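Here is a short briefing on one chain. Start with the view below, then read on.

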Amino acid sequence: MPFAEVPGWRSDRVAEAIPAFLSSCAVLARLPPDRSLGGAGPLARSAGDFAGRCAEAAALPAGDEAAARTFLERRFTAWQVGKDVLTGYYEPELRGSPTRTDTFATPLHARPPDLVEVDLGQFAADLRGRRTSGVVREGRLHPFADRAAIVRGALDGRGLELAWVDDPADAFFLQIQGSGRVRMADGSVLRLGYAAQNGHPYFAVGRALVESGALTRETVSMQSIRAWLADAAPSEAAALMNRNPSYVFFRPLLDLPPDAGPLGALGAPLTPQRSVAVDRTQTPLGAPVWVAGAMPRLAVAQDTGGAIRGAARADLFTGWGDTAAEQAGRMRDRAALFVLVPN
């Protein structure tokens, strides 16, 4: 689609998204040129496809709106991929301890060494971009333990606990967000990033609350789900969270500065309001993405998510702290997505 016809294209300062694009470029420069970044059909791209555009972006005057807009309009093509739900996610902060206590009794786990990830596209063309995980027993891949089994202790005694936190709901939502900060009693902060997932499909527990009549489609949000969990009996809260069999494992991000965002699936630090999670089977990571929603903006596809499925489905990273949490928890807008790919 010509940029002149892209809805709201002139309503954002697109130069503010160039630093996020350059952070992706730094990662792409370390990849083999033929490394697939995802995308379907005419949107499929490899790391080498962005090399020339990255060099040009690095030469742009910082913050120069006219130069940034000219660069994007001349060197990229905008593809309209449809309209879907735009949600938000953020980097939460939890209270934790390096050891288990009566207060800090919910573990955050590192990736189990026997967890095997499989790229199904290597076995069947129609499964391109699809992945699963499991454990190998007697030469066959079997499903890994689901959330309920892990909560019951399936991983106990293996030394996989990275930290212990004081609220099972906080741990649950940390897994949904995919990264976070754990503040210890001594004031130190452990940054955690996504390491792996157990291979079970993601289930939105908000849907279960709507189906039961506890919430309505209009009132369901992270805040309303949290409120329900806080008011429920511990067994009822655990049962609801276990409806989602997906379980996320983490890794410490020891060299990540406190003023930098978490690392997304691409490996670049996420930028508040300028990074989006996409379905990489449809949209290549690293590509600029125009989000034509309630607040039109240019962002960069730098992350993925278990609930992000479909060409136009996106999840906007809002940052960290209370304001970011509030914005992310209530964001649920219809937005048209336009993927910008190098000419």
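Leaving aside neighbours within four places in sequence, threonine 281 is in contact (heavy atoms within 4.5 Å) with Gly39, Ala40, Arg128, Gly129 and Arg130. The model is predicted: local features need pLDDT of at least 70, side-chain atom pairs count only at pLDDT 80 or more, and totals for chains, interfaces and linings use all residues. Residues are numbered from 1 along each chain as its sequence is written, and side-chain values use heavy atoms, with hydrogens and water left out.

**Threonine 281**
- Threonine 281 sits in the loop between β13 (275-277) and β14 (288-292).
- Its relative accessible area is 17%, so threonine 281 is buried (under 20% relative accessible area; exposed is over 50%, partly exposed in between; 1.4 Å probe, protein chains only).
- Its side chain makes a polar contact with the side chain of aspartate 279, at 2.6 Å.
- A polar contact is a pair of N or O atoms within 3.5 Å; within protein, one must be able to donate a hydrogen and the other to accept it, and residues adjacent in sequence count only if both atoms are side-chain atoms.

**Serine 133**
- Serine 133 belongs to strand β7 (residues 131-137).
- Serine 133 counts as buried, at 9% relative accessibility.
- The side chain of serine 133 reaches the backbone oxygen of glutamine 197 at 3.3 Å.
- Beyond its neighbours within four places in sequence, serine 133 has contacts that include Leu115, Val116, Glu117 and Gln197.

**Helix α1**
- Helix α1 covers residues 18-28, and eight of its eleven residues are buried, so the rest of the structure largely encloses it.
- Among the buried residues of α1 are Ile18, Phe21, Cys25 and Leu28.
- The buried residues of α1 pack against β1 (36-38), α2 (51-58), α3 (65-75), β3 (76-91), β14 and β15 (297-303).

**The whole chain**
- The chain has nine helices and 17 strands (DSSP runs numbered from the N terminus: H or I of at least four residues for helices, E of at least two for strands).
- Its radius of gyration is 20 Å, close to the 20 Å that the globule rule gives for 343 residues, so the chain is as compact as a globular protein of that length.
- That radius is taken over C-alpha atoms, and the globule rule is 2.2 Å times the number of residues to the power 0.38.
- Of the 343 residues, 49% count as buried.
- Among contacts between residues at least 6 apart in sequence, 76% join residues at least 24 apart.
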